[in-house]
Amino acid sequence: MADKPKRPLSAFMLWLNSARESIKRENPGIKVTEVAKRGGELWRAMKDKSEWEAKAAKAAKAKDDYDRAVKEFEANGGGGGAANSGAKKRAKPAKKPSKKSKKDESDEDDDDESE
């Protein structure tokens with residue numbers, strides 16, 4: 001899966017990548033999660049997003065290229081389609097044979113005697 005093509009960035013992510021350093025400068029010691037939260041607040045408050053939407057529109061072509069590359073990747077045996085698209089799943093451990101209680105063993109002995 002390491003060779004799978006990456007999805008293009010949204011307008012918000014393009015903007016956040018450029019604004020991240022200034023957010024950190026304005027808020028020293030801010031946590032990564034708080035940078036993203038503050039970025040979301042600033043993005044929602046922004047009136048003119050046209051610059052970033054134009055960049056994202058350019059990314060629409062990149063998205064078409066991405067979709068084509070993903071189909072080609074999966075057609076060549078990579079990824080495995082929808083079944084492998086999620087996060088890695090851990091295999092369930094094999095079930096241990098259940099221990100029979102003495103009562104169960106005595107019931108089986110009774111069944112043997114009645115035959």
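1. A residue is called buried here when its relative accessible area is under 20%, exposed when that area is over 50%, and partly exposed in between. With that in hand, buried residues account for 15% of the 115 residues in the protein chain. Please keep in mind as you read on that this is a predicted model.

2. The overall layout is quick to describe. The protein chain has four helices and zero strands, and reading along the sequence gives the pattern α-α-α-α. Of the contacts in the protein chain between residues at least 6 apart in sequence, 63% join residues at least 24 apart. The accessible surface of the protein chain is about 10,000 Å², and carbon and sulfur atoms hold 51% of that surface.

3. Helix 1 has 16 residues, and the distance from its first C-alpha to its last is 22 Å, close to the 22 Å expected at 1.5 Å a residue. There is also a bend of about 45° in helix 1, at Ala19. Ala19 is itself one of the buried residues of helix 1, along with Ala11, Trp15, Leu16 and Ile23. These buried residues of helix 1 pack against helix 2 and helix 3.

4. The largest nonpolar core consists of eight residues: Ala11, Trp15, Leu16, Ala19, Ile23, Val35, Trp43 and Trp52. Helix 1 and helix 2 each supply at least two residues of this core, and helix 1 gives the most, with five residues. As general background, nonpolar side chains in soluble globular proteins tend to be buried together.

5. Trp43 deserves a look of its own. Which residues does Trp43 touch, not counting residues up to four places away in sequence? They are Ala11, Phe12, Trp15, Lys49 and Trp52. Among these, Ala11, Trp15 and Trp52 are listed with Trp43 in the largest nonpolar core.

6. Leu14 lies in helix 1, and Leu14 counts as partly exposed because its relative accessibility is 23%, while buried would need a value under 20%. Leaving aside residues up to four places away in sequence, Leu14 touches Leu9, Trp52, Lys55 and Ala56.

7. Helix 3 covers residues 50-75. This helix has 26 residues and reaches 37 Å from its first C-alpha to its last, close to the 38 Å expected at 1.5 Å a residue. A kink of about 25° is centred on Lys61 in helix 3. The buried residues of helix 3 are Trp52, Ala59, Tyr66, Val70 and Phe73, and what covers them includes helix 1 (11-26) and helix 2 (32-45). After helix 3 comes Gly77, which has a positive phi, near 95°.

8. On to the charged pairs: the structure holds four salt bridges. Why are Glu51 and Lys55 separated by about one helical turn? Because they are four residues apart in helix 3. Glu51 is partly exposed at a relative accessible area of 46%, and Lys55 is partly exposed at 38%.

9. Asp65 and Arg68 also form a salt bridge, with an N to O distance of 3.0 Å. Both residues lie in helix 3, three residues apart, about one turn of the helix. Asp65 counts as partly exposed, at 32% relative accessibility. Arg68, at 52% relative accessibility, counts as exposed, since the cut-off for exposed is over 50%.

10. Glu41 pairs with Arg38, and their closest N and O atoms are 3.3 Å apart. Glu41 and Arg38 are three residues apart in helix 2, so about one helical turn separates them. Glu41 has a relative accessible area of 35% and is partly exposed; Arg38 is partly exposed too, at 32% relative accessibility.

Conventions: Residues are numbered from 1 along each chain as its sequence is written. This is a predicted model: local features need pLDDT of at least 70, side-chain atom pairs count only at pLDDT 80 or more; totals for chains, interfaces and linings use all residues. Side-chain values use heavy atoms; hydrogens and water are left out. Buried means under 20% relative accessible area, exposed over 50%, partly exposed in between (1.4 Å probe, protein chains only). Contact means heavy atoms within 4.5 Å. Accessible areas come from the Shrake-Rupley method with a 1.4 Å probe; for residues, only the protein chains shown count as cover. The expected span of a helix is 1.5 Å times one less than its number of residues. The bend at a residue is the angle between axes fitted to the seven residues ending there and the seven starting there. A salt bridge is a side-chain nitrogen of Lys or Arg within 4 Å of a carboxyl oxygen of Asp or Glu. A nonpolar core is a set of buried Ala, Val, Leu, Ile, Met, Phe, Trp, Tyr and Cys residues joined through side-chain atoms within 4.5 Å.
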